[in-house]
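Here is a friendly briefing to read alongside the sequence and the 3D view.

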Amino acid sequence: MAEVTLKDVARASGCSVATVSRVLAGTRPVGAETARTVREAAARLGYRPNHVARALRRRATGTVGLVLPQITNPFFPVLVRELEHALHAAGRALLLADCDDDPATEAARIAEFLDRQVDALVLIPVDERLSREAVTDAARRVPVVLLDRGCGPGVADSVAVDNAAGMALVLDHLAAMGRRRPWFVGAAGTTSTAAERRAAYEAGAAALDPQAPGRVELGDFSVAWGREAVDRIWPSRPDAIVCANDLIAVGALQRLRQLGADVPGEVAVTGFDDVPFAGLADPALTTVRQPVGELAAEAARLLAERSGDRTPGGGAGPAVGPSRTVRLTPELLVRASG
């Protein structure tokens, strides 16, 4: 079957090709009756826009590339879903790449997206330091928003939760419960989330116990590390285990149950992120909820504004103006674990 063209729709609707183009693209106001006639003709003929031709005309592909560290982390699929919805509402399509927590693979995926002429990039950096060169280079060519994690000041626009505020919520809650022997179980990597959550714990834990800031165990953001960390710290009998994310916390809960510990009577356990299964843990996990929908909406907004700031004429070119940083307020969800 031959492809239905704008000329076919124009002939069927009795309107000019220019009018049909304006109606279907939504670029300029058209009378309500004319717009209805054009849309009815397009639907009757089965017209579908040619996105490739439109991209060539506009010198824009309508696509945004997203490179994330590892899709198996349950926090990221939730974030991707919200971002896809936000970008789709703005008329953009999302392309996804997983770099398996490897900075070299991350740089290669970014380069591949740029070669495919994406209009913009959303990046969740693998490493605050090692990702910086590839991110900086990309930000010179297309609008870039760093989501959830950063690469240091001034590199690109960035949207993330206020990790320090989230950790303060946890510590205030534990203090109100009378907990005085906390341990922090976090990640040794150099992602901004790992560093910020650890720093916030060390800055605030002294209010519970002067020795608490030094009680830190570092591994990675995994369930297995949560289990291993409990074996390391349980002989000192902490009355609270503050975990840098929910995966670690679930692993800690699993191991504590195997050891016969009473949670939360003997020891409270807290997480961070509020991934979908956090409320299904045994016991249900007290955690810091990230405002995922707001994170995605802010990322889409910054991309739209930065795209509008780009050099005249469209196409590839550096964005202008200083980088912007957005930090959103988290929420503490108190459940059965502490």
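The sulfur of Cys151 lies 11 Å from the closest cysteine sulfur, which belongs to Cys99, and that is too far for a bond. A disulfide is a pair of cysteine sulfur atoms within 2.5 Å, and a search of the whole structure finds zero of them. This is a predicted model, in which local features need pLDDT of at least 70 and side-chain atom pairs count only at pLDDT 80 or more, while totals for chains, interfaces and linings use all residues. Residues are numbered from 1 along each chain as its sequence is written, and side-chain values use heavy atoms, with hydrogens and water left out.

**The two cysteines**

- Cys99 counts as buried, at 0% relative accessibility. Here, buried means under 20% relative accessible area, exposed means over 50%, and partly exposed is in between (1.4 Å probe, protein chains only).
- Cys151 counts as buried too, at 1% relative accessibility.

**The chain as a whole**

- The chain has 12 helices and 12 strands. These are DSSP runs numbered from the N terminus: helices are H or I with at least four residues, and strands are E with at least two.
- The C-alpha trace spans about 80 × 40 × 30 Å along its principal axes.
- Of the 338 residues in the chain, 47% are buried.
- Among contacts with a separation of 6 or more, 71% are between residues 24 or more positions apart. Contact means heavy atoms within 4.5 Å.

- The axes of helix 1 (residues 6-13) and helix 2 come within 9 Å and cross at roughly 105°. Axes are lines fitted to C-alpha atoms, for helices over the stretch in contact, and angles run from 0 to 180 degrees between N-to-C directions.
- Helix 1 and helix 2 are therefore roughly perpendicular to each other. Angles of 65 to 115 degrees count as roughly perpendicular, under 35 as roughly parallel, over 145 as roughly antiparallel, and the rest as oblique.
- On the helix 1 side, the contact is made by Leu6, Lys7, Val9, Ala10 and Ser13, and on the helix 2 side by Val17, Val20, Ser21 and Leu24.
- By class, the contact of helix 1 with helix 2 has six nonpolar, two polar and one charged residues. Ala, Val, Leu, Ile, Met, Phe, Trp, Tyr, Cys and Pro count as nonpolar, Asp, Glu, Lys and Arg as charged, and the others, Gly among them, as polar.
- Helix 2 (residues 17-25) also crosses helix 3 (residues 32-45), at roughly 85°, with axes that come within 10 Å. That makes helix 2 roughly perpendicular to helix 3.
- Thr19, Val20, Val23 and Leu24 of helix 2 meet Thr34, Ala35, Val38, Arg39 and Ala42 of helix 3. The contact of helix 2 with helix 3 divides into six nonpolar, two polar and one charged residues.

**Helices 10 and 11**

- Helix 10 (residues 223-233) packs against helix 11 (residues 246-258) at an angle of about 50°, with their axes 6 Å apart. That makes helix 10 oblique to helix 11.
- Helix 10 brings Val223, Trp225, Gly226, Arg227, Val230 and Asp231 to the contact, and helix 11 brings Leu247, Ile248, Gly251, Ala252, Gln254, Arg255 and Leu256.
- Seven nonpolar, three polar and three charged residues make up the contact of helix 10 with helix 11.

**Backbone spots to look up**

- Most residues other than glycine have a negative phi, and most peptide bonds are trans.
- A cis peptide bond, with omega about 15°, joins Val263 and Pro264. Pro264 sits in the loop between helix 11 and strand 9 (268-270).
- Asp282 and Pro283 are also joined by a cis peptide bond, with omega near -5°. Pro283 is in the loop between strand 9 and strand 10 (287-289).
- Asp101, a residue other than glycine, has a positive phi near 60°. Look for Asp101 in the loop between strand 2 (93-98) and helix 6 (103-115), where Asp101 counts as partly exposed at 37% relative accessibility.
- Asp148 has a positive phi of about 75° although it is not a glycine. Asp148 lies in the loop between strand 4 (144-147) and strand 5 (157-161) and is buried, with a relative accessible area of 5%.
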